[in-house]
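I opened a new notebook page for this structure. My plan is to look things up one at a time and write down what I find.

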Amino acid sequence: MAKFIILNLFFIITSLVSLAPLCFCHSTNGGYLYPQFYDRSCPQALQIVESIVAKAVAKEPRMAASLLRLHFHDCFVKGCDASLLLDNGGGITSEKNSVPNRKSVRGFDVIDEIKSALEKACPRTVSCADILAIAARDSTVLAGGPSWVVPLGRRDSRGASLSGSNHNIPAPNNTFQTILTKFKLQGLNIVDLVALSGSHTIGKARCTSFRQRLYNQTGNGKADMSLEQSYAAQLRTRCPQSGGDQNLFPLDFVSPTSFDNSYFKNLLRFRGLLSSDQVLVTKNEETLELVKRYAESKEVFFDQFVKSMVKMGNISPLTGRRGEIRTNCRMISS
């Protein structure tokens, strides 16, 4: 009799588990992020984001990198809460004016277009923070990179942090240890650092971001010794010792608009554009081995990039009743 009861309980529990919906949930301090968050409240949300991102990237391929970078620069300051999108005003000092963002981050008009379309379809429902996360995924896919299931349910911050933006976002000339420390402060590890740096397989950087490497890396008036000479000479033609601060150069000169693993191959040839790229090969044995592994296999890189992007997207999101759902991503709604 006891055996019969136990068997019945087993089958009941098994049935309940099999009927439960598949949910890639990520716990946060204030609730959960899960992919099905808008399935009932705004079922067309993902399609709307994808459509507008696709149109923007088709018009300008560089926009894929710009939208991916917006998500990164948002999450490293106060968590993934769309604080980066806020303009000055109403007591807000915008993060757009920080050193890493000023005259650098872009794509705000695309986010505005997405938000406007979502407000028409589903008023006060989809957060700007979630728009950034979805747009980053869609941009990666459109550039030829991997796809992933995006956990959703973030809410938007009512404030911004200019000081956080100035201090938390890794800079092109930071030392390796400083960059690693900034990642660890966000709960990301050395593997995440290398994988997420791989996003530099698309996009461009300004002359002002790498000029020091070309002319005065260590204060002795000489170029960075870890920069391959013919590549350095090519860079100097576009990035003079003075002037041309806004001149652009591709982060991955081999395939600048294709999300692949050539970035890592470039590093092994000492052709990383930024100092923060090349230090992954020259300053740490563990990161060097990871660079080699990703250079050998695009699939291995893609697999880890997906894991690290989901992990990054889970940095201190506002959930539940914290924060708000902005109706305009550039200003707080209430």
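**Entry 1: the annotated binding site.** I began with the record. The unreviewed UniProt entry gives "binding site" for D74, V77, G79, D81, S83 and E95. These residues span 22 positions in sequence, yet no two of their C-alpha atoms are more than 13.1 Å apart, so they gather at one spot. I noted that UniProt positions follow the numbering used here, that feature names are shortened, and that annotations may be inferred rather than shown by experiment.

**Entry 2: ground rules.** This is a predicted model, where local features need pLDDT of at least 70, side-chain atom pairs count only at pLDDT 80 or more, and totals for chains, interfaces and linings use all residues. Residues are numbered from 1 along each chain as its sequence is written, and side-chain values use heavy atoms, with hydrogens and water left out.

Entry 3: D74 sits in helix α3. (Helices are DSSP runs of H or I with at least four residues, strands are runs of E with at least two, and both are numbered from the N terminus.) Is D74 buried or exposed? D74 is buried, at 0% relative accessible area. (Buried means under 20% relative accessible area, exposed over 50%, and partly exposed in between, with a 1.4 Å probe and protein chains only.) I then listed what D74 touches, setting aside residues up to four places away in sequence: G79, C80, D81, A82, S83, L84 and L132. (Contact means heavy atoms within 4.5 Å.)

V77 belongs to the loop between α3 and α4 (108–121). V77 is buried too, with a relative accessible area of 0%. Beyond its neighbours within four places in sequence, V77 contacts S83, E95, S161, G164, S165, N168 and I169.

**Entry 4: the annotated active site.** Which residue does UniProt list as "active site"? The unreviewed entry lists H73. I found H73 in helix α3, which runs over residues 63–75. H73 has a relative accessible area of 4% and is therefore buried. With residues up to four places away left out, H73 touches L84, P100, N101, V105 and I169.

**Entry 5: two positive phi values.** I checked the backbone next. Most residues other than glycine have a negative phi. A82 has a phi near 65 degrees, a positive value in a residue other than glycine. A82 lies in the loop between α3 and α4. A82 is buried, at 0% relative accessibility.

R124 also shows a positive value, with phi near 50 degrees. R124 is placed in the loop between α4 and α5. R124 is exposed, with a relative accessible area of 53%.

**Entry 6: A143.** I found A143 in the loop between α5 (128–142) and α6 (162–168). At 11% relative accessibility, A143 is buried. Which residues does A143 touch, not counting those up to four places away in sequence? They are A64, I202, T257, S258 and F259. I looked at T257 in particular. A143 and T257 are 114 residues apart along the chain, and their C-alpha atoms are separated by 6.4 Å.

**Entry 7: helix α8 and S275.** The buried ones are I190, D192, L193, V194, A195, L196 and S197. What covers them includes α7 (176–185), α11 (262–268), α12 (275–282), α13 (285–296) and α14 (298–312).

I followed α12 to S275, which lies in that helix. S275 is buried, with 7% relative accessible area. Apart from residues up to four places away, S275 touches P172, N173, R213 and Q217.

**Entry 8: the whole protein.** The protein has 14 helices and 4 strands. Buried residues make up 51% of its 334 residues. Its C-alpha atoms fill a box of roughly 85 × 55 × 35 Å along the principal axes. Among contacts with a separation of 6 or more, 74% join residues 24 or more positions apart.
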